[in-house]
Amino acid sequence: MKTWVAYQLTKSKNIKQLFALVCETQKYSSVLQEIIDSTRLLKETKLRIHLAKVLVYDLLIGHGVKCGGAWKTMMLKHRSRLQAALARIKVKRKVSQNQDLLPSSFQHSLDDVIPRYVRVNTLKTTLEDVIDYLKRQGFSYQGTASRLEDLDRLSGKTFLCDLHLQDLLIFSSKTDFHDHFLYKAGHIILQDKASCLPAFILNPQVGSHVIDACAAPGNKTSHLAAIMKNKGKLFAFDLDAKRLSTMSTLLLRAGVTCHHLANQDFLKVDPQSSEYKEVEYILLDPSCSGSGMVCLRDEFSEPQDEERLKALATFQLRCLNHALQFPQVQRVVYSTCSIHSQENEEVVSACLQQNPAFRLVHLLPNWPERGHEPFTECLRASTAKTRTHGFFVALLERRIPQTHEENLPVITTLPSGGEEKQNTHQPGPSDEEQMNTETTNKQLTTPVSKKKKRKNRKKHKQQES
């Protein structure tokens with residue numbers, strides 16, 4: 001469903017309306033599946049399952065089928081049978097309202113409203129200028145949020161600055177910016193806070209070489225470019241040519257100029273290519289179940305869904321292992337919008353076992369939700385604990401060679417601001433190489449020293465005589 005949604009969004013002229021329709025459809029996914037199966041709709045209409053669910057939702061639960069042509073005629077032809085199937089399900093479950101048919105997870109999520117997050121695009125403007133512009137439009141700036149409850153109190157035109165990400169503004173969930181000048185001009189990006197974490201945590205240096213491995217639709221790519229200040233090289237890969245084309249338009253609007261787009265499978269990119277010999281940072285956000293998206297949560301209860309999870313995890317591990325093969329890579333961020341351990345901690349665990357040269361970095365000590373034990377260095381996000389969509393982020397960093405780690409001073413406290421101090425010590429020789437060098441030096445210098453002493457004694461006797 002996630003891939004189908006992304007493709008449809010690239011074609012739609014009314015993205016907001018289509019996205020809302022798909023979100024509502026997915027909430028009732030299991031009920032719609034039961035209706036479609038009991039009426040054998042797919043066999044009689046030859047519709048694909050995702051389209052069938054949207055049309056059945058619109059007909060029975062939404063505001064009626066709004067599309068015209070063959071689809072509307074088809075759905076009206078089967079309306080009586082579909083309505084009867086819905087009625088039987090309600091009787092069977094002893095409910096009268098459509099909303100009572102929702103899975104318990106969705107009934108609970110209705111109370112957990114995610115606010116509207118707006119990332120300021122620092123390639124085109126500044127945080128201060130955006131705040132001033134919004135104030136002149138009647139918005140009321142409330143300062144920086146200090147706790148989660150501050151977000152719940154947002155209403156009307158009040159807004160806050162985020163506690164963790166300084167270029168992120170937070171508004172009431174009902175605030176709409178799709179037609180706003182700042183959005184259309186590329187000065188702001190509509191992006192969930194959790195989705196901003198990968199680029200923020202990778203934090204590539206200005207002028208560095210970076211890879212965004214599975215880049216479309218491009219919000220994380222534009223965020224990386226902003227952190228890099230449009231300097232250096234940002235390689236972005238994606239298999240879907242249409243999504244990559246849409247991404248190119250988005251990056252143009254955002255003012256990104258340091259990018260190099262490629263319609264290519266990341267797994268087929270050669271790490272040894274001279275083109276990527278200076279790549280030190282990689283952001284990997286591969287295809288996943290999308291189970292963390294509030295409106296796209298999947299109910300993984302059936303055997304085929306477990307098989308799908310295994311297949312996704314296998315693909316994700318291949319991508320992460322491939323990312324670590326780039327010879328100069330120092331930091332790799334792995335992220336998903338999944339809530340399942342199979343796609344998150346288990347992938348990271350398997351990768352670390354196969355790549356002992358890398359380690360996990362402990363992220364944002366004050367973040368309210370951590371990875372599952374024992375991977376508490378990682379971050380998780382959820383509607384209840386962070387007021388975001390469900391998300392997972394891990395940072396893998398290349399280990400410093402052992403000989404140099406032993407010689408480095410011990411740092412018992414972090415620098416001010418809680419940021420981890422990066423060590424720029426260059427790799428040195430191994431223990432074995434160092435011992436061999438010392439032994440060789442002793443063998444060479446000892447005889448010479450004795451000869452020198454004998455020569456000096458002879459010289460002194462001659463001078464005395």
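This is a predicted model: local features need pLDDT of at least 70, side-chain atom pairs count only at pLDDT 80 or more; totals for chains, interfaces and linings use all residues.
If we take the contacts with a sequence separation of 6 or more, 66% of them are made by residues 24 or more positions apart. The accessible surface comes to about 25,200 Å², and carbon and sulfur atoms account for 50% of that area.

I would like to begin the details with the open sheet, in which 5 strands follow the order 2-3-4-1-5 with mixed pairing. Strand 2, residues 140–144, and strand 5, residues 188–190, stand at the edges, and because each of them has a single partner strand, one side of each is left without a neighbour in the sheet. From one strand to the next, the twist averages 30°.

Strand 4, residues 168–171, pairs with strand 1, residues 116–120, in the antiparallel sense, over 4 bridges.

Which residues of strand 4 are buried on its two faces? Leu168 and Ile170 are buried on one side, while Leu169 and Phe171 are buried on the other, so that both faces of the strand are covered. As for what lies over this sheet, helix 9, residues 127–136, lies across strands 1, 2, 3, 4 and 5, and runs at about 25° to strand 4.

Let me turn now to the helical part, and to helix 7, residues 79–93, in particular. At 1.5 Å a residue, its 15 residues should span 21 Å, and this agrees with the model, where the end C-alpha atoms are 21 Å apart. The buried residues of this helix are Leu82, Ala85, Leu86, Ile89 and Lys90. Why do we place these residues on the same side of helix 7? The reason is that they cover an arc of only 140° around the axis. The face turned away from that buried side carries the exposed residues Ser80, Arg88, Val91 and Lys92. The cover over the buried residues of helix 7 includes helix 3 (29–39), helix 4 (41–45), helix 5 (49–60) and helix 6 (69–77). Just after helix 7, Lys94 takes a positive phi of about 60°.

Within helix 5 I would point to Val56, which counts as buried because its relative accessibility is 0%. Leaving aside residues up to four places away in sequence, Val56 touches Leu32, Ile35, Ile36, Leu41, Ile61, Met75 and Leu82. Leu82 is also one of the buried residues of helix 7. As for Leu41, Val56 is 15 residues from it in sequence, and the two are 9.8 Å apart in space, C-alpha to C-alpha.

Next come the parallel strands. Strand 9, residues 279–284, is mostly covered, with 5 of its 6 residues buried. Strand 6, residues 209–212, pairs with strand 9 in the parallel sense over 4 bridges, and within that pairing Asp212 stands opposite Leu283. Strand 9 is joined to strand 10, residues 331–336, by 4 bridges, and these two strands run parallel as well; here Leu284 has Tyr334 as its bridge partner.

Finally, I would like to show His389, which lies in the loop between helix 17 (383–386) and strand 13 (391–398). Is His389 buried or exposed? It counts as buried, because its relative accessibility is 18% and the cut-off for buried is under 20%. Not counting residues up to four places away in sequence, His389 touches Ile114, Asp192, Ala194, Gly292, Met293, Val294, Ala381 and Ser382.

Conventions:
Residues are numbered from 1 along each chain as its sequence is written. Side-chain values use heavy atoms; hydrogens and water are left out. Contact means heavy atoms within 4.5 Å. Accessible areas come from the Shrake-Rupley method with a 1.4 Å probe; for residues, only the protein chains shown count as cover. Buried means under 20% relative accessible area, exposed over 50%, partly exposed in between (1.4 Å probe, protein chains only). Two strands pair if DSSP finds at least two bridges between them. Axes are lines fitted to C-alpha atoms, for helices over the stretch in contact, and angles run from 0 to 180 degrees between N-to-C directions. The expected span of a helix is 1.5 Å times one less than its number of residues. The arc is that of the directions from the helix axis to the C-beta atoms.
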